[in-house]
Amino acid sequence: RRRADGSCASVRAPPRVHPPRPRMWLPPRPRPRRRARLARAAAALLVALPAPAPPSSAAEPFAFVTERLADGVYAVRSVQGPGFGMDANSTVLVGPEDVIVVDAQFSEAATQRVIREIRRLTPRPVRHVVSTHWHDDHVSGNAAYARAYPGVVFVAHEQTARDLPTVAARNRTAFLRASRGTLALLADLTARRRTPAGAPASDAEVQGYHDYARLIALFAAEADSTTPLPPPALTVGDRLTLRQGRRRIDLLHLGRGHTAGDLVVHLPAEGIVVAGDLVIAPVPFVGSTSYPHAYGATLERLLALPHRAIVPGHGAVLRDDAHVRRTIALLRDLTAQVDAAVERGDSLPQLRERVDLAAHREAFGAASPLHAALFDTYVAASAIPRAYEEARAARAAGATGTPHAAGRRRAPPGTRASRVAA
């Protein structure tokens, strides 16, 4: 620019104004030294586990197989058999423009295997990841999706969104603190071929110890890169409907069950129900964070959804309702016996002695000693005290009738207004 006297003056360009960037969850940086230390400890321990089928590497997750359920609908599940800890099933919905995934896995390494399978199926990006509940084996891998697909939207029930930074974070911290001791215990049980009660362990049980150690080792070694978890940006109350072209995807909270915030994903046109851990096969995991008195009614509402296939949280895809109905019968019998015991004034030790689940143990555990051990761990050892806790709380609160009020009863799907997201 020329001045009035004819000389030249430089002109500074106006500063660039960048539009504000949307806030995005950024994965935490892993701590290489701690991660390497855990990985070395895990590798040494897994080498010491003389399982019938040892893994080739401590850092290697289980392989996954993909089952096509309908056009653009796939179940991706681990080849690992039943065990004390298992990677979750993922359900992949491929639409005209994007992909929706239901549930991640226990580790980033396992989730990355699923992501590679998704990329083999389609080049389209993952737009939503639905978490059916807060347990780590379904959400720890969410960080892998955040890295692979920037801007991906995580979806969960309102209660799960509250639980992730609170009860889930505390649970994760406690699990990690105990992981070294747990791995040492599993190594000892495997080496001695014994159950925790001291009885001889079958080959299937020993393999179960080994497989569980493998999952724990991966999880512990990755802890710095998966904590904290990306928070849900979209939450669901009773119902939320997503669309992929003509496909309708209903996200439903049918009541309390495996946790307080279980989500079920229903594809009405395809007749597919993705149940999360409300359904686990071949042995149900009722667990210490469950709501046994409400659980059966929630499963009844699940079966009322039109379906031809149920994708469980773990295990093979179910083509009939027999397993779910056996689970409902177990829950009804369990809670009825616990209620009667609380009315008698039984203590928890007395209750453990008197509750008889032998017929259900036979129904779920007859296939192998491992199945029976899983029933003892995730039903007898955890569901009985949880049902006792519910029954005592209901009695103390002066609840009328049975303590089914511990879980909110829901109106049948379709009786409430639906929210629809494009």
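The legends below describe an overview and several close-up views of one predicted model.

**View 1. The whole chain.** In this predicted model, local features need pLDDT of at least 70 and side-chain atom pairs count only at pLDDT 80 or more, while totals for chains, interfaces and linings use all residues. Residues are numbered from 1 along each chain as its sequence is written, and side-chain values use heavy atoms, with hydrogens and water left out. The chain has 13 helices and 13 strands, taken as DSSP runs (helices H or I, at least four residues; strands E, at least two) that are numbered from the N terminus. Of the 422 residues in the chain, 55% are buried, a term for under 20% relative accessible area with a 1.4 Å probe, counting protein chains only.

**View 2. The seven-stranded sheet.** An open sheet of mixed pairing is formed by seven strands in the order β1-β2-β3-β4-β5-β6-β7, where two strands pair if DSSP finds at least two bridges between them. Its edge strands, β1 (64-70) and β7 (234-236), each pair on one side only. From one strand to the next, the twist averages 20°.

**View 3. The hairpin of β1 and β2.** Six bridges join β1 and β2 in the antiparallel sense, and V65 has R77 in β2 as its bridge partner. The two strands form a hairpin with two residues between them, and in the turn G72 has a positive phi of about 80°.

**View 4. Strands β6 and β7 with helix α5.** Strand β6 (residues 153-157) runs parallel to β7 and is joined to β7 by three bridges, with V155 standing opposite L234 in β7. Helix α5 (residues 158-192) packs on the sheet and touches both β6 and β7, contact being heavy atoms within 4.5 Å. The direction of α5 makes about 105° with that of β6, where axes are lines fitted to C-alpha atoms, for helices over the stretch in contact, and angles run from 0 to 180 degrees between N-to-C directions.

**View 5. Helix α2 across the sheet.** Helix α2 (residues 108-121) runs at about 45° to β1 and lies across β1, β2 (73-78), β3 (90-94), β4 (99-102) and β5 (126-130).

View 6. Helix α8 is mostly covered, with 11 of its 12 residues buried, among them H293, Y295 and R301. These buried residues pack against β10 (264-267), β11 (272-280), β12 (309-314), α9 (322-344) and α13 (383-396).

Note on methods
Buried < 20%, exposed > 50% of the residue type's maximum accessible area, 1.4 Å probe, protein only.
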